[in-house]
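User: I am new to this structure and would be grateful for a close look at its nonpolar core. Please also comment on related local features and on confidence.

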Amino acid sequence: MADYVISCCSTSDLNLEHYVKRNIKVAYFHYEIDGKPYLDDGEYPIAEFYKAMAAGAMTKTSQINVDEYIAHFEQYLKAGNDIIHLTLSSGISGTINSANVAANELREKYPDRKLYIIDSLAASSGYGLLMDKIADLRDEGRSIEEVKSWVIENRLYLNHWFFTTDLTYFVRGGRITKAAGWVGGALKICPLLDVDKEGKLVPRTKHRGKENVIHAAAQKMLKNANGGAEYADKCYISQSACMDDAEKLIREIEALVPAMKGKIEIYDIGTTIGSHTGPGTVALFFWGKKRED
């Protein structure tokens with residue numbers, strides 16, 4: 001049994017059952033719905049959350065603060081465990097800064113313990129896929145230093161592809177202009193985005209209609225996944241109140257990559273990430289070509 005703990009933020013968008021099964025520890029972000037605060041721990045039903053957003057509720061998120069990180073880490077340090085904690089991508093959030101401040105304070109208090117903070121350069125269930133992989137490495141008996149090195153060397157091989165069928169929340173978050181959002185909505189434009197080497201969300205192509213963007217996302221996997229049509233590693237999809245679109249994407253992928261048939265796992269985009277994407281977003285994650293830009 002490893003004498004270290006692997007840890008992440010709730011923005012890794014798996015579910016409680018998965019975290020417990022894989023023994024992954026979680027620190028929780030915060031969010032608000034129309035000014036009422038909640039912890040991003042799944043207590044508020046995700047279906048109700050997206051219904052509220054669709055009805056016009058305003059959402060706001062906040063990061064894990066230094067004191068919360070200290071409390072999260074210290075419980076494991078006190079028990080004699082070392083810790084490797086991966087944060088939500090620094091290209092999306094500044095939460096790594098609070099994690100580092102907390103870690104520096106705790107390293108002075110627990111000089112015999114190891115506490116590593118690593119930028120995942122990932123988001124949503126892609127971040128979760130990375131956590132699942134390091135759980136595999138831990139269970140194989142890899143040391144904490146080996147896992148740390150593996151993450152730094154391999155995190156950019158994790159591919160993210162996102163599309164949305166509702167530009168409202170991209171306009172609200174400032175990712176596209178109001179004018180572009182209006183035109184895109186009128187023409188039923190669906191952007192296809194990925195996460196670049198700096199962990200930032202970047203629009204790559206535009207497609208007219210859901211069917212076309214779903215097809216484009218599946219083609220990205222065929223082109224970029226390790227082994228192409230022979231890819232047989234794990235593949236996760238996360239979605240925000242648009243399960244039909246996620247299932248259409250799965251069918252397209254299974255037709256192109258036969259080994260994926262019945263093996264793609266679907267998760268909900270959680271309340272923190274979902275506060276910014278809104279309902280109507282599907283994200284695809286797999287291991288493949290290294291992110292070069």
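Analyst: The largest nonpolar core has 88 residues; such a core is a set of buried Ala, Val, Leu, Ile, Met, Phe, Trp, Tyr and Cys residues joined through side-chain atoms within 4.5 Å. Buried denotes under 20% relative accessible area, exposed over 50%, and partly exposed in between, with a 1.4 Å probe and protein chains only. The residues with the most contacts inside this core are L249 and I253. Its largest share, 7 residues, is supplied by helix α5 (residues 124-139). Helices (H or I, at least four residues) and strands (E, at least two) are DSSP runs numbered from the N terminus.

This is a predicted model, in which local features need pLDDT of at least 70 and side-chain atom pairs count only at pLDDT 80 or more, while totals for chains, interfaces and linings use all residues. Residues are numbered from 1 along each chain as its sequence is written, and side-chain values use heavy atoms, with hydrogens and water left out.

Leaving aside residues up to four places away in sequence, L249 touches F163, I214, A217, A218, I237, V282 and L284, where contact means heavy atoms within 4.5 Å.

Helix α5 also contains S124, which has a positive phi of about 50° although it is not a glycine. S124 counts as buried because its relative accessibility is 1%.

As for confidence, pLDDT is the predictor's confidence in each residue, from 0 to 100. The chain averages 92, and 92% of the residues score at least 70. Over residues 178-184, however, pLDDT stays under 50, and the model has 6 contacts beyond four places in sequence for this stretch.
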